[in-house]
Amino acid sequence: MSSANSFRACNLCNSTEIELLFKKDGYSIVRCQKCGLVYVGERLDQINFGELYGESYYKGGAEQV
């Protein structure tokens, strides 16, 4: 599991006091201990947005088989 130091700073208050809440689809969901904001803790360059937001995302969900 990642240490709190490996998460990016809070988007709202820029605090680095971050708590890991859980993992979802390989990403860390964290909470800022200063302001309470919950967000994805990985650095943006570590996130594959193309994989997360594929064509089906823009067409209303998963394609029916």
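A disulfide is a pair of cysteine sulfur atoms within 2.5 Å. The structure is a predicted model, in which local features need pLDDT of at least 70, side-chain atom pairs count only at pLDDT 80 or more, and totals for chains, interfaces and linings use all residues. Residues are numbered from 1 along each chain as its sequence is written, and side-chain values use heavy atoms, leaving out hydrogens and water.

Searching the whole structure gives zero disulfides. The sulfur of Cys32 has its closest cysteine sulfur in Cys13, at 3.5 Å, which is too far for a bond. Cys32 is buried, at 1% relative accessibility, while Cys13 is partly exposed at 26%. Here buried means under 20% relative accessible area, exposed over 50%, and partly exposed in between, with a 1.4 Å probe and protein chains only.

Strands are DSSP runs of E with at least two residues, and helices are runs of H or I with at least four, numbered from the N terminus. Strand β2 covers residues 27–32, and five of its six residues are buried, so β2 is largely enclosed by the rest of the structure.

Two strands pair if DSSP finds at least two bridges between them. Strand β1 (residues 18–24) pairs with β2 in the antiparallel sense over six bridges. β2 also pairs with strand β3 (residues 38–40), again antiparallel, over three bridges. Arg31 in β2 stands opposite Glu19, and its bridge partner in β3 is Val38.

The hairpin of β1 and β2 has two residues between the strands, and Asp25 there takes a positive phi near 50°. In the hairpin of β2 and β3, with five residues between the strands, Gly36 takes a positive phi near 90°.
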